[in-house]
Amino acid sequence: EEWTQPFYHPSGQQVHQFNSEERVKMVKQKNTCAHNNTHKAHANGIKKKKRTKYVSTRGMDPKFLRNQKFCKKYNNSKRPQDDE
């Protein structure tokens with residue numbers, strides 16, 4: 001194995017040095033900084049969430065939905081009104 005002299009940090013701690021075989025095995029982590037992630041996010045544009053036109057009635061009270069159906073059905077009808 002090809003080992004070099006141990007390297008000491010200015011604080012006095014010994015820093016491990018790898019030989020050429022170990023260096024190849026190590027994987028460089030990339031694309032983790034905030035600058036890069038914001039760049040990737042803006043590449044295709046940050047899109048707003050699509051809003052639905054109507055709120056879902058799934059799971060609502062059936063009695064309320066039945067009443068709502070008749071309200072919608074007769075809301076715009078030309079029935080005679082009581083004028084006071």
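## Overall fold

The protein chain contains three helices and two strands. In sequence order, these elements are arranged as β-β-α-α-α. The model is a predicted one.

## Burial and accessible surface

Of the 84 residues in the protein chain, 2% are buried. The chain exposes about 9500 Å², and 52% of this area is supplied by carbon and sulfur atoms.

## Helix α2 and the residue after it

Helix α2 spans residues 34-43 and is hardly covered. Among its ten residues, the count of buried residues is one. Gly45 follows α2 and has a positive phi, near 85 degrees.

Helix α3 covers residues 62-74 and includes Phe64. Together with Val55 and Met60, Phe64 makes a nonpolar surface patch of about 300 Å².

Is Phe64 itself buried or exposed, or does it lie in between? Phe64 counts as partly exposed because its relative accessibility is 42%, and the partly exposed class lies between the buried limit of under 20% and the exposed limit of over 50%.

## Aromatic rings

The count of aromatic pairs in the model is zero. For a pair to be counted, the ring centres must lie within 6.5 Å.

Notes
Residues are numbered from 1 along each chain as its sequence is written. This is a predicted model: local features need pLDDT of at least 70, side-chain atom pairs count only at pLDDT 80 or more; totals for chains, interfaces and linings use all residues. Side-chain values use heavy atoms; hydrogens and water are left out. Rings of Phe, Tyr and Trp (its six-membered ring) pair if their centres lie within 6.5 Å; planes under 30 degrees apart count as stacked, over 60 as edge-to-face and the rest as tilted. Helices (H or I, at least four residues) and strands (E, at least two) are DSSP runs, numbered from the N terminus. Buried means under 20% relative accessible area, exposed over 50%, partly exposed in between (1.4 Å probe, protein chains only). Accessible areas come from the Shrake-Rupley method with a 1.4 Å probe; for residues, only the protein chains shown count as cover. Patches are made of residues with over 30% relative accessible area and no salt bridge: like charges are joined within 9 Å, nonpolar side chains (Val, Leu, Ile, Met, Phe, Trp, Tyr) within 5 Å. A salt bridge is a side-chain nitrogen of Lys or Arg within 4 Å of a carboxyl oxygen of Asp or Glu.
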